[in-house]
Amino acid sequence: MKSKTLAIAAAAVLAASAASAGTLDDVKASGKLKCGVSQGLPGFSTPDDAGKWTGLDVDYCRAVAAAVLGDPEAIEFVSLSAKDRFTALSSGEIDVLSRNTTWTITRDTDLGITFTGVSYYDGQGMMVPKSLGVTSAAELDGATICTNTGTTTELNITDYFQQHGMTFELVALENSDEVVAAYGAGRCDVFTTDRSGVAAERLKLANPGDHMVLPETISKEPLGPSVRSDDDQWEKISRWVLNALVEAEELGITSENVEEMMSSENPSVQRVLGVGDNDYGKSMGLEADWAKKAIAAVGNYGEIYDRNVGPDTPLGLERGVNALWTDGGLMYAPPIR
């Protein structure tokens with residue numbers, strides 16, 4: 001009986017191992033990473049006129065491609081609506097979802113997907129035309145509100161208005177540009193989404209200066225990448241690439257000095273970069289320098305933030321809670337050791 005039990009257990013382990021290797025093997029076989037992104041959100045994932053995608057979410061996918069394939073350009077970007085994003089991930093249409101998506105218990109437990117970290121801490125905000133003459137969300141009783149369908153913003157705005165004894169009319173559209181166009185055309189009084197998204201979508205309006213973001217933040221929106229929950233190996237790769245980018249910023253490893261840092265005597269730096277016998281990629285099916293490749297390709301988390309959404313970009317977003325924990329923020333990566 002004991003030998004039969006062990007045989008069954010061994011078979012289960014082998015089956016789990018085979019399942020966990022699926023996505024990595026598929027990505028290597030195809031030579032490209034399929035990354036699900038938005039329909040065009042400046043600063044996070046948006047294509048230029050030549051079709052080249054840029055943004056914070058995009059750079060994360062480039063880091064994964066660099067770590068896995070050694071090539072940050074070996075990516076097929078798949079533009080997805082909020083409504084279709086989870087179906088695309090669970091069906092295998094994409095390998096990773098990196099699309100300003102909020103980590104919630106329902107999404108993490110009911111959809112067959114797993115969130116692998118937080119790449120941007122956000123909260124829901126509201127934008128109104130200055131001509132509306134309001135300065136607070138408390139003045140929006142009876143307002144018409146535009147947002148995307150299939151998002152937490154629909155639920156949050158309903159909660160907020162109920163809690164404050166106010167009524168509203170919701171205009172929910174699937175395509176992000178349709179939502180902005182509806183707001184810009186005056187179909188609604190308010191546009192609502194994550195505060196970072198409000199800042200990004202405001203840039204699409206004909207006269208951005210005619211609109212203002214109200215001071216209230218009405219929810220917590222931890223945004224991050226997700227993968228299918230049936231692949232432990234791929235889940236770990238997705239998680240630790242993000243962790244490595246955050247850890248690199250804390251250790252002062254950048255895209256500019258990564259080669260120089262290979263000779264650092266700091267044990268933590270050596271572990272991140274895979275120097276000597278520090279091979280933390282092996283257990284994930286990656287090369288020892290997986291993190292070095294990712295950092296060299298897109299930089300550390302701070303570089304990614306500053307390049308795409310920081311104070312010197314059109315979005316002009318301060319680090320705030322997205323600063324490192326050592327600077328009073330929430331960005332904190334488990335150690336690579």
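Modeller: A word on names before we start: helices here are DSSP runs of H or I with at least four residues, strands are E runs of at least two, and the numbering goes from the N terminus. Keep in mind that this is a predicted model. Let's look at helix H7, residues 176-184.

Now for the helix itself. Its buried residues are Ser176, Val179, Val180, Ala182 and Tyr183. Look down the axis of H7 and they fall within an arc of 160°, so they line one face of the helix. Here's a handy rule: an α-helix has 3.6 residues a turn, so residues three or four places apart point the same way.

What does that buried set pack against? Strands S8, S9, S10, S11 and S12, plus helix H8. Those five strands make an open sheet with mixed pairing, in the order S10-S9-S11-S8-S12. S10 and S12 are the edge strands, each pairing on one side only. On average, neighbouring strands are turned by 25° against each other, ignoring direction. Zoom in on S9 and S11: they pair in the parallel sense over two bridges, and Cys146 has Phe191 in S11 as its bridge partner.

H7 lies across S8, S9, S10, S11 and S12, running at about 160° to S9. H8, meanwhile, lies across S8, S11 and S12, at about 125° to S11.

Note on methods:
Residues are numbered from 1 along each chain as its sequence is written. This is a predicted model: local features need pLDDT of at least 70, side-chain atom pairs count only at pLDDT 80 or more; totals for chains, interfaces and linings use all residues. Side-chain values use heavy atoms; hydrogens and water are left out. Buried means under 20% relative accessible area, exposed over 50%, partly exposed in between (1.4 Å probe, protein chains only). The arc is that of the directions from the helix axis to the C-beta atoms. Contact means heavy atoms within 4.5 Å. Two strands pair if DSSP finds at least two bridges between them. Axes are lines fitted to C-alpha atoms, for helices over the stretch in contact, and angles run from 0 to 180 degrees between N-to-C directions.
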